[in-house]
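My notes follow in the order I took them.

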Amino acid sequence: MKILVIADSKSTRQQSAALLENAGYQTESPGTPAEALYYLKDNARKVSLIVVDATEDLGRTIETIRILGSGAETRRIPILALANDDETTVNDLLGAGVADFISTPATASKVTARVRSALRLRKAHESIEDKRMEVEKLNARLVEASTTDGLTGLASRSHFEAIYEKEWYRARREKDFLSLLMIDIDHFRLYNEAYGHLGGDDRIREIAGIIKKNINRPCDVAARFSGEVFAVLLPGTDLNGAASVAGRIRTQIEEAKIEHAKSPACCNLTVTIGVSSTIPAQKSIPNGLIYAADKGLLTGKNQGRNQVQVATDAK
């Protein structure tokens with residue numbers, strides 16, 4: 001890693017660089033402040049510290065420091081200023097964003113002490129930033145774990161319920177349709193007995209993938225409701241539209257021909273789907289749509305499974 005030296009005149013850059021190199025540091029002196037800023041566009045990550053000379057043109061130096069402090073890549077690099085030791089100059093430099101200053105005339109011991117201090121500060125800031133990023137990643141994983149079903153990648157039950165309640169009150173407020181599908185894998189207990197629970201998990205994932213493929217809009221939500229039961233929430237969709245989505249899902253699962261040798265109905269896995277839809281009335285309760293879809297699902301199971309049953313009494 002390098003220390004970048006910025007100064008207006010070539011002689012000043014050379015003197016500052018020599019002072020740093022004599023103290024054992026590797027330097028880079030690309031030129032004037034404008035040339036240094038251009039150099040940093042592609043090389044900021046190679047620079048550990050910036051030393052600017054403020055003895056020649058204080059106004060230009062402060063402008064350069066502010067530009068460095070506003071850059072996405074350069075604002076993380078600490079800046080030391082070589083400056084005359086007067087209160088106004090020091091206050092202006094600190095206000096512009098320098099980490100510290102070295103009063104002139106600069107000696108090797110003074111430069112070494114200030115550079116070491118600035119590099120320690122840089123290391124401490126990087127450690128804090130690394131820990132902050134680790135915490136952010138951990139929080140993101142925790143949020144994902146709480147909102148996503150680990151087996152299928154669909155929404156979790158708790159996340160679905162939160163969205164469902166929000167969409168219910170939105171539909172009631174806007175007098176809009178809200179539809180729900182409740183999907184149950186037929187004779188799944190028998191499937192687990194025949195193929196084992198790991199085989200059952202594979203089939204749940206496969207069917208979840210088919211369901212997800214049929215949910216196209218950002219506002220639609222597919223969730224694993226429990227065990228082998230899935231829920232699909234379709235905001236702004238009437239009963240006919242919801243039944244059409246349910247029909248596609250049922251057909252595609254049937255056409256996938258997932259073997260189920262123990263099924264009393266046929267030789268492949270199938271699903272039964274209950275569909276409900278409503279424009280929520282002002283005094284209606286959110287669970288009404290779920291009760292209706294469950295009722296349709298139960299009717300379909302009682303009438304032989306592998307079908308879509310539409311409930312017309314959702315409130």
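Before reading any packing angle, I noted that axes are lines fitted to C-alpha atoms, for helices over the stretch in contact, and that angles run from 0 to 180 degrees between N-to-C directions. I also noted that the model is a predicted one.

Entry one, the helix pair. I looked up H3 and H4, the latter spanning residues 87–96, and found an angle of about 20° between them, with the axes 9 Å apart. Angles under 35 degrees count as roughly parallel, so I put H3 down as roughly parallel to H4. I recorded the crossing of H3 past H4 as right-handed.

Next I asked which residues make the contact. On the H3 side I listed Leu 58, Thr 61, Ile 62, Ile 65 and Arg 66. On the H4 side I listed Thr 89, Asp 92, Leu 93 and Ala 96. Sorted by type, the residues of this contact come to 5 nonpolar, 2 polar and 2 charged.

The lining has 20 residues, and I noted Arg 75, Arg 76, Ile 77, Arg 122 and His 125 as the closest to the centre. By type, I counted the lining as 10 nonpolar, 4 polar and 6 charged.

Which helix gives the most to this lining? I found that H5 does, with 7 residues. H3, which covers 58–70, and H5, which covers 108–147, each supply at least two lining residues.

Key. Residues numbered from 1 in each chain as written. Predicted model: local features only at pLDDT ≥ 70, side-chain atom pairs only at ≥ 80, totals over all residues. Heavy atoms only, no water. 1 Å grid on protein atoms, 1.4 Å probe; cavity = no way out; pocket = protein on both sides within 12 Å on 5 of 7 lines; lining within 4 Å. Helix = DSSP H or I, 4+ residues; strand = E, 2+ residues; numbered from the N terminus. Nonpolar A, V, L, I, M, F, W, Y, C, P; charged D, E, K, R; others polar. Parallel < 35°, antiparallel > 145°, perpendicular 65-115°, else oblique. Left-handed = near helix turned anticlockwise from the far one by under 90°. Contact = heavy atoms within 4.5 Å.
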